[in-house]
Amino acid sequence: MSSSVPRLVIAAPSSGSGKTTVATGLMAAFASRGLAVSPHKVGPDYIDPGYHALATGRVGRNLDAYLCGAELVAPLFAHGARGCDLAVVEGVMGLFDGAAGEGELASTAHVAKLLRAPVVLVVDASSQSRSVAALVHGFASWDPEVRIGGVILNKVGSDRHEVMLREALDGSGVPVLGVLRRAEQVSTPSRHLGLVPVAERGAEAVAAVAAMASQVREGCDLDALFALARGAGALPGDTWDAAEAVALSPPPPLPVPVPGGSAPRPPYRAERARPRTPDGLKVAVAGGAAFTFSYAEHAELLAAAGAEVVVFDPLRDEELPEGTRGLVIGGGFPEVYGPELSANEPLRRAVASLAERGAPVAAECAGLLYLSRELDGLPMCGVIDAKARMDERLTLGYRDAVAVSDSVLAEAGSRMRGHEFHRTVVEPGAGAAPAWGVRVPVRRVEGFVQQGVHASYLHTHWASAPGVARRFVERCVGSWATAG
């Protein structure tokens with residue numbers, strides 16, 4: 001099938017130009033007109049989609065050609081945008097900045113071409129006038145396959161400044177679709193890993209998004225922008241579907257026969273579309289302000305594999321959801337909430353008890369810190385015999401990884417792509433059975449595999465390997481049977 005959802009990609013010459021303000025403001029402004037707006041973010045970032053979700057009332061989704069592969073970008077987009085009137089895609093970094101050493105791969109330009117979407121260039125005009133024409137001309141002519149359909153001038157200082165900028169761009173062939181003045185009320189606070197997530201700001205985040213929408217409504221030609229979006233045309237290809245992805249994923253390997261014993265019984269028949277699971281088999285997923293990093297497709301894949309996904313808040317809930325047979329703890333900011341997480345001793349004991357019973361536990365980055373013995377000197381769950389602490393150095397980048405040990409997520413030797421983004425250190429960095437081997441920035445092993453636990457710094461996108469969700473739920477079925 002094909003998707004003809006009108007769509008725009010919001011890009012910029014560099015980071016800090018105002019992409020998030022413009023993209024979020026456009027989403028909220030169009031949503032206030034009664035349109036169903038589908039929000040998307042290029043790259044692995046988890047924080048911006050939270051603001052997008054607040055602006056649109058729909059879950060924010062990532063489009064990452066490195067993590068998921070270029071072939072999945074359009075299908076995942078069509079999945080998220082299904083039934084919507086408009087899709088707005090916020091870019092990452094500068095328009096042509098992609099994965100290091102990989103050319104255009106995973107850049108905003110690459111995703112715009114995969115989506116056949118027009119690009120709106122957001123330019124920070126605060127320190128230039130006539131030079132803006134040369135900058136826009138360069139970006140518009142660099143890659144003929146990237147269609148820059150308009151420019152929004154951001155941080156314009158005065159009426160006179162606006163006149164100078166417009167005059168310079170008159171002959172560029174790129175229309176000015178908006179002019180935004182400097183406005184402190186739309187700024188969002190940042191800290192060690194970027195913007196402060198929506199879940200931590202409450203009413204302040206709502207007010208900030210409302211201010212973005214107001215600024216965009218006043219300064220941008222929404223009718224012209226929507227007309228540009230409608231010119232994107234049809235996007236050929238299939239729409240991603242979690243149930244279909246799980247059904248087509250390779251099944252987990254059969255148990256290894258015991259010498260002298262009977263042949264192992266297959267966990268399910270080959271013709272079954274998905275593993276047969278007991279009614280109400282629950283996978284608990286950590287949420288709340290401390291654990292805000294999660295791709296929406298993970299929960300969808302777990303549900304498609306037969307699990308009932310239940311979100312809990314480690315800051316507030318003293319027990320895991322009743323009937324929990326598997327646990328997923330994604331990324332977030334446990335370092336910010338260390339005292340509160342440590343003080344919730346009943347939940348820490350419950351998590352440790354679940355892991356001790358061999359239940360599947362998948363932890364990424366923040367989840368790894370939470371499972372450690374301590375974080376900045378504060379007691380955590382103690383599932384992993386390691387200490388975690390804040391560090392001045394930022395670890396950031398895409399990773400090609402290979403599974404070192406068999407785990408609830410992957411067979412040894414399986415390859416996946418991931419992303420690291422943290423200012424913490426775990427010592428030791430790997431257990432007796434490491435999770436992953438990576439080559440960048442240096443060859444190393446990292447993470448921990450023990451019993452049903454897989455804990456690592458690496459963020460992965462399961463849409464690229466839906467067998468991960470299927471394997472995890474299969475192990476939950478085994479955990480259920482053992483517990484029974």
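**Aromatic pairs and nonpolar cores: close-up views**

The count of aromatic pairs comes to 8. The model is predicted.

**View 1. Tyr66 and Tyr398 form a stacked pair.** The ring centres lie 4.2 Å apart and the planes meet at 25°, under the 30 degrees required, so the pair counts as stacked. Tyr66 sits in the loop between strand S3 (61-63) and helix H3 (70-81). Tyr398 belongs to strand S16 (residues 384-403). Arg417 lies over the face of Tyr66, 4.0 Å from the ring centre.

**View 2. Phe96 and Trp142 form a tilted pair.** Their ring centres are 6.3 Å apart, with the planes at 55°. Phe96 is in the loop between strand S4 (86-90) and helix H4 (108-115). Trp142 is in helix H5 (residues 131-142), so the pair ties together parts 46 residues apart in sequence. Phe96 is partly exposed, at 23% relative accessibility. Trp142 is exposed, at 65%.

**View 3. Ring pairs join four residues into a cluster.** The members are Tyr46, Phe293, Tyr295 and Phe333.

**View 4. The largest nonpolar core holds 115 residues.** Ile10, Leu95, Leu115, Leu153, Leu225, Val283 and Phe472 touch the most other members. Helix H1 (residues 19-32) gives the largest share, 7 residues. Apart from this core lies another, of 37 residues, including Leu341, Leu347, Leu368 and Val383.

**View 5. Surroundings of Leu95.** Neighbours within four places in sequence are left aside. Contacts of Leu95 include Ala11, Ala12, Pro13, Val119, Leu121, Phe139, Val146 and Ile148. Ser107, Thr108 and Ala109 are also in contact with Leu95.

Notes
Residues numbered from 1 in each chain as written. Predicted model: local features only at pLDDT ≥ 70, side-chain atom pairs only at ≥ 80, totals over all residues. Heavy atoms only, no water. Core = buried A, V, L, I, M, F, W, Y, C linked by side-chain atoms within 4.5 Å. Buried < 20%, exposed > 50% of the residue type's maximum accessible area, 1.4 Å probe, protein only. Helix = DSSP H or I, 4+ residues; strand = E, 2+ residues; numbered from the N terminus. Contact = heavy atoms within 4.5 Å. Phe/Tyr/Trp six-rings, centres within 6.5 Å; stacked < 30°, edge-to-face > 60°. Lys NZ or Arg CZ within 6 Å of the ring centre and 35° of its normal.
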